[in-house]
There are 2 protein chains.
Amino acid sequence: MIRNSNIDNFLYDFEHSCQKVQKKTFAKGETITSYIEKRNQFCILLSGNADLVRYDLNGNKTIVEHFSKNNIFGEVFYIVTTNNELLVEAKENCEVLFFIYDDINKKCQKNCKFHQTLTQYLPELILSKVIDLNMRIELLTKRSIRDKLLSYFSILSTRKLSTSFELPYSLTDLADYLSIDRSAMMRELKLLKEDGFVTKTGNRITLNYK
Amino acid sequence: MIRNSNIDNFLYDFEHSCQKVQKKTFAKGETITSYIEKRNQFCILLSGNADLVRYDLNGNKTIVEHFSKNNIFGEVFYIVTTNNELLVEAKENCEVLFFIYDDINKKCQKNCKFHQTLTQYLPELILSKVIDLNMRIELLTKRSIRDKLLSYFSILSTRKLSTSFELPYSLTDLADYLSIDRSAMMRELKLLKEDGFVTKTGNRITLNYK
DNA sequence: CATTTTTAGTTGCAAAAGCAACAAATTTCT
DNA sequence: AGAAATTTGTTGCTTTTGCAACTAAAAATG
């Protein structure tokens, strides 16, 4: 079972032998790609981190997905509707591999090492994406802000094997990620502290369950 | 590109040659499986349809996911937390294939046709799952009941290539799927009708956009 | 290192959504 | 066909959440 194994730099040091793949670098704040229908674009984030954001007609921003090292993304995973624009924005400097999904299974002319490695790891990469998406849905289907926060904290706690952990986002981004109003989230967080469920020092959260 | 192609009965008529695979039948209402950690169970729904449901500590039910023909599911796609039970329930009579995810890539002793077919189609199956999950997240991140309904209708409309379509769920289930209160949803639906955005006859919806 | 920008933290008020409790209509079951 | 169960449709009331508008603190930037 390869789940949760450390795939680390498996793609990072590939030999640029493959003509079908492009590697690009982006500075913080730049737009890495926008999702355009039927392009079948597939991307791998080699370093840095980025957000898939949606801007609706009212200008509201939603963080649809967050990507970190070795996460995959691209329009190939989406049915793009005309209603709103989906953009991937670099949160810090990023290196990204781009290619067209159709090309993955087609054997590369040179039968390059990169292609071999990619097809070998692809199921694992997609599986971990599915797990992430399911986790997100788990959170989003919680009916109250309190439940969303507690579930999210519980997941982080399980991951770190500790009741104490750092928040990976700013509180502003966390509200976007949970798809709730920031001030309402702050209010609920305050209540959670007052009720003794959590302790917060800086961006470190400690769960106090009995 | 195999996306959106008709994979149809590719697994249905396999020759039962593979010992690692079990095929089981379920009657409407039966529990197909429950998600138990580290079992690495992977399932394919051959016929019928089923829901992944969560019952929380208050007894509230949430439809986490809905499965129809050729959809894949199983605990392998989940990080199972102890907080709540995840069950797959047959909504009508179902046929399901079960196996352990680890076995997929291991070559079957007999190198059976089933295994070959499965590995061939697996990326397509997982990809369509990712597309479904992303669509769901798109809906769940919408901030109001009105936006959720309109987005959902818009997706169905795009799929059917028509402004008129049947709802695949009962309204009760739709509310669970969108993770909103049913009576609040009914109220909003009424307003949408009154405002002339949609027309509803039976469970057929027609969008009236200008 | 001073200044701009972003993030955190608060609060009153308004709007939206949830809850509960029905009746009516449909569907399912025997 | 008749009874039972489920789904639809509705409403008054309550609670939660969102919105707007701030100040304070922290971080980024030239």
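Contact here means heavy atoms within 4.5 Å. The model is predicted: local features need pLDDT of at least 70, side-chain atom pairs count only at pLDDT 80 or more, and totals for chains, interfaces and linings use all residues. Residues are numbered from 1 along each chain as its sequence is written, chains are lettered from A and ligands numbered from 1 in the order in which they are written, and side-chain values use heavy atoms, with hydrogens and water left out.

**Exercise 1. Describe the extent of the interface between chain A and chain B.**

Step 1. Count residues: 40 of chain A are in contact with 40 of chain B.

Step 2. Take the area. The size of an interface is often given as the accessible area lost when the parts come together. With a 1.4 Å probe and the loss summed over both parts, the buried area between chain A and chain B is about 3,900 Å². Carbon and sulfur atoms give 56% of that area.

**Exercise 2. List the polar links between the two chains, and state which elements of chain A supply its side.**

Step 1. Apply the salt-bridge rule, a side-chain nitrogen of Lys or Arg within 4 Å of a carboxyl oxygen of Asp or Glu. Four salt bridges are counted between chain A and chain B. One of the pairs is Glu138(A) with Arg54(B), at 3.4 Å from N to O.

Step 2. Apply the polar-contact rule: a pair of N or O atoms within 3.5 Å; within protein, one must be able to donate a hydrogen and the other to accept it, and residues adjacent in sequence count only if both atoms are side-chain atoms. Ten residue pairs across the interface, both at pLDDT 80 or more, are in polar contact.

Step 3. Assign elements, using DSSP runs numbered from the N terminus (helices H or I, at least four residues; strands E, at least two). On chain A, strand S5 (61-67) and helices H1 (101-105), H2 (113-140) and H3 (145-160) each supply at least two residues of the side that touches chain B. H2(A) gives the most, twelve residues.

**Exercise 3. Locate the protein residues around DNA strand C.**

Step 1. Near means that a heavy atom of the residue lies within 4 Å of the strand. Of the 18 residues around DNA strand C, Leu171(A), Thr172(A), Lys190(A), Ser144(B) and Ile145(B) come nearest.

Step 2. Examine the phosphate oxygens of DNA strand C. A backbone N or O atom lies 2.9 Å from one for Thr172(A) and 2.8 Å from one for Ile145(B). For Lys200(A), a polar side-chain atom lies 3.4 Å from a phosphate oxygen.

Step 3. Find the main contributor: H5(A) gives the largest share of the surface near DNA strand C, five residues.

Notes
Buried area = accessible area lost by both parts, 1.4 Å probe.
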